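Student: I would like to learn how to read packing, sheets and cores from a set of coordinates. Could we work through an example together?

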Amino acid sequence: MSELYANEPMMDMYIFETTQNIEQLETCILDTEKAGYYSQNVVNEIFRIMHTIKGSSAMMLFNNISMLAHTVEDLFYFLREHKPEQIDYSTLSDLVLEVVDFIKGELDKITQGDKVNRDSTILSSKIKDYLEELKQQNAITELIEKPVIEKQSHYYIAQDKTENKINLHMYKAIIFFDDGCEMENIRAYTITHHLRDMADEIYYLPQDIIENDESIHLIREEGFQLYVKINKTYNEMFEFLKQTIFLKDLELIELDNDEEFKQFYKPIKKIILDTPPVMIPKINNQNYQEGKEQTITSSNQSIISVNVAKLDKLMDLVGEMVIAEAMVTQNPDLKGLTIVNFHKAARQLHKITTELQDMVMAIRMVPLSTTFHKMHRIVRDMSKKLGKEVKLELIGEETEVDKNIIEHISDPLMHLVRNAIDHGLEATKDRVTLEKPKIGKVTLEARNAGSDVLILVKDDGKGLNKQKILDRARENDLLIKTENEMTDKEIYNLILLPGFSTKEAVSEYSGRGVGMDVVTNNIEAVGGSVSIDSEEGIGTTITLKIPLTLAIIDGMNISVGKSRYTIPTTTIKESFRPKENDLIKDPDGNEMIMVRGQCFPILRLHELYKVKTEVTDFTQGILIMVEQDEKTLCIFADMLLGQQQVVVKTLPSYIKSTRKIQGLAGCTLLGDGNISLILDIGGLVNLNG
Amino acid sequence: MAESVMQELYEQEEDTQKGRFLTFALGSESYGIEIKHVTEIIGIQPITEVPELPEYIKGIINLRGKIIPVMDVRLRFKKPFREYNDRTCVIVIDIKEVSIGLIIDSVSEVLSIPETEIVVPPEVGKGNNKYIKGIGKTGNDVKLLLDCEKLLTEDEVDSLNNIQ
Amino acid sequence: MPKVLVVDDAAFMRLALKTILERNGFQIVGEAENGAVALKMYQEYKPDLVTMDITMPVLDGIQSLKAIRQYDPKAKVIIVSAMGQEGMIKEAIASGAKSFIIKPFKEGHVIETLTKIATA
């Protein structure tokens, strides 16, 4: 349907629904696999999902997906109708999962706006072969589809009307359908069915429209011939047939005698037909209740799907509105005016913008459950491949994170789970020797911690070997401290460095030439951090700390000369004006400050960023103590400007591509229209060693 | 001045933009820039400095909520810096979805320069010639026609040297 | 303006039909995702036409068609089906469906079918 093809809501809906269906299908398979067999419900469900995907994909002209879905539909149709007993469920699951992966891959391309063109014929024929095998093993030859209606239905003689032959007219009609309307035989059947209530006798050619789908060709070439005895005038009859849908050509002749009817009379056998009893399904209460629970979808639809790009745009707009509000309410022109009503209205405006902002944020928050559930598949594939028995435990999957962040953590999590199974867990037989539970356990846990979310990937495997890590680090020249100066945690964190990989052989799953440093990069890209804890023989825990949202942060604005900077409030421990005698300078010229008996390094922002300022004496300015990654630093600035929520914007791409600026996370617009640069505290504390 | 030139720009239809150039001055030289790249012309704005950038990228400005970088074309061409005044303009151009503001001394006018009047610049080893993709003749004047893409992409090595 | 109730478990198909029908002068009075909801909506909205998918959970298209026809013998139900479902369509016609459309459907086909049924 090309006119729909370009239609954006249709495309969005297609992607949304197909993705949902595919995920449901995957869950279905994974759950079923645990049970070891496919229940009738599951078979029905998979059939239905595939049927839906087939239909939607065909509408969107994604024929490779549609064809593949059709093959699977056929397979599950067979399973549903014939309930074969000998099924190799493991192969079946593999095949369906392969289909899941194929469609996922194509969906990704569609989402990216790429061409969908991967050939699905090989996979399709694999499934067809499997179906053939199933048929042979279960000794079922393909049944010709049983006509659902009575077999001899090519003529009707209505019982009660036979008496009243006086007013009967006899007609011959030849009907042609529009080209390309398809299923002409059933369309012909529809006509005869609707005539049944009125006509006395009906005969037609071809006779086997119901039983034989080949009759389609005959109807296309020669038309559908209808002989009717009926108590209707020519005009009435003509009007009736005119109603036929996709009618291309109609020829209606009133016959004087029933000569032409005789060809149908041969076996004079009056079949008295009752209209087949219309089965009214008993709708049991349960069904009704289910129906009730599903709120009526018409005009009062309770859930809609929205394109993320629109949400991003909305977020931007709200951000701009927050700025615009500040520009109005803090406008310099208002200075010195007594405008009570203005301030009242401004407060109301402020209240509404804040609520609006919170609501937009809330809309963007999605639970981690989808991401977490994806791991079931990884665990399944890995444990099958490696022959390790693994149990995956999910805790706190309802924890919510900003949509944009979720996209960034899915891959790292996958990598970590793979790592845990491949390198973390011992082989099953080793676990038995070690008297550990035979089934290895991987736990994925999420929980809120202030403005961050913690995600833990835990395994009960062999733990990290400190000595091996140190050896490896030494080989690669990654050690910056001497070995005995390092804490356990510092040693473990070595594996996060680029170019570090504890496994010599690259395995199909975890290796892939990428190490933990990729995980770190991904997490840091969203302003998060990674840390590792481990105990030999007991297991390893990797903790990802991720901000709830990237879009809006609470910030403290500071000034240095003419420049403005914003520090995320969450990193600020305190700010103070230092006393002369608390300041220390070491022989290398590093400046430090003593606070409550502890010494902290000082960073002069004006020096780091070469900003001209009058304030270069510590006692004239202010120190802001910040902490991240368990490192503390005092930032020296001219003065504090105040705290506010700021909308994080990235620096223009031209600037980012020209140079990666250390210690800058982005920029934001202040109420007065000025731009402030947002400091990346994690980058600054590490800059200082 | 800026407004009237902009007015003129808006009146151009897409297809008639071909061969039309916005001309501006840098000192005594006159440059031209293809109109299809130009999105607007604004007066000089407060510029937020961004550390560690080459000297010719002056920083970022707030263009109605959109943050864009600004480049001082004088400095880009290694000409001496000149204080900004009320004739200084920022030409906002859009190239391959990158918006950037070009700071120039002053804008002049919109000109049609037929292709026949444009010649390829002579090959002179180094210098600013690499940013010039043609020399257009209009009456007695010549306009140096800028290659905007090169302006943004070329010379990364130099830019690194500049800050050291 | 004929009032239509669209019954399909796939939101995509409902949107496709809605898009086509609305721009051709039909009014969508309801969308149901299964047969049970469809019956309730039929009773509530009394549509002129119903488009009914066959393969649906809870109560499939044929069962739902029968239920609606029992409630209102004059109900005009059009079956939405796919190639390969001929048997089901025949059963649906025998059970009182007025006609059928085949997925992937063409706009012209859908409109011709619904218009004829509506005016019949």
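Student: At what angle do helix α7 and helix α8 of chain A pack, and how far apart are their axes?

Tutor: Two packed helices are described by the angle between their axes and the distance between the axes. In this structure, which is a predicted model, helix α7 (residues 184-195) and helix α8 (residues 215-222) of chain A pack at an angle of about 75°, and their axes are 8 Å apart. Angles of 65 to 115 degrees count as roughly perpendicular, and α7(A) and α8(A) are therefore described in that way, as roughly perpendicular to each other.

Student: Which residues of α7(A) and α8(A) meet?

Tutor: From α7(A) come A:Glu184, A:Asn185 and A:Ala188, and these meet A:Ser215, A:Ile216, A:Ile219 and A:Arg220 in α8(A).

Student: Turning to sheets, what is the order of the strands in the open sheet of six strands in chain A?

Tutor: The order is β15-β19-β20-β18-β17-β16, and the pairing is mixed. At the edges stand β15 (572-576) and β16 (583-585) of chain A, each with a single partner strand, so one side of each is left without a neighbour in the sheet. On average, and with direction ignored, neighbouring strands of this sheet are turned by 30° against each other.

Student: In which sense do β18 and β20 of chain A pair, and over how many bridges?

Tutor: Strand β18 (residues 598-604) and strand β20 (residues 631-637) of chain A pair in the parallel sense, over three bridges. A:Arg604 stands opposite A:Phe636 in β20(A).

Student: How many helices and strands are there in chain C, and how do its elements run?

Tutor: Chain C has five helices and five strands, and from the N terminus on its elements run β-α-β-α-β-α-β-α-β-α. Of the 120 residues in chain C, 68% are buried, and among its contacts with a separation of 6 or more, 60% are between residues 24 or more positions apart.

Student: Which residues have the most contacts inside the largest nonpolar core?

Tutor: They are C:Leu5, C:Val50, C:Ile78 and C:Ile79, in a core of 108 residues. This core also draws at least three residues from each of domain 1 (2-137) and domain 2 (155-264) of chain A. Apart from it lies another core, of 77 residues, which includes A:Val322, A:Ile567, A:Leu633 and B:Ile93.

Student: Leaving aside its neighbours within four places in sequence, what is C:Ile78 in contact with?

Tutor: Among its contacts on that basis are C:Leu49, C:Val50, C:Met52, C:Phe100, C:Ile101, C:Leu114 and C:Ile117.

Methods:
Residues numbered from 1 in each chain as written. Chains lettered and ligands numbered in written order. Predicted model: local features only at pLDDT ≥ 70, side-chain atom pairs only at ≥ 80, totals over all residues. Core = buried A, V, L, I, M, F, W, Y, C linked by C-beta atoms within 7 Å. Buried ≥ 20, exposed ≤ 12 C-beta atoms within 10 Å, placed from the backbone. Domains from an automatic or database assignment. Contact = placed C-beta atoms within 7 Å. Pairing = 2+ DSSP bridges. Helix = DSSP H or I, 4+ residues; strand = E, 2+ residues; numbered from the N terminus. Axes fitted to C-alpha atoms, helices over the stretch in contact; angles between N-to-C directions. Parallel < 35°, antiparallel > 145°, perpendicular 65-115°, else oblique.
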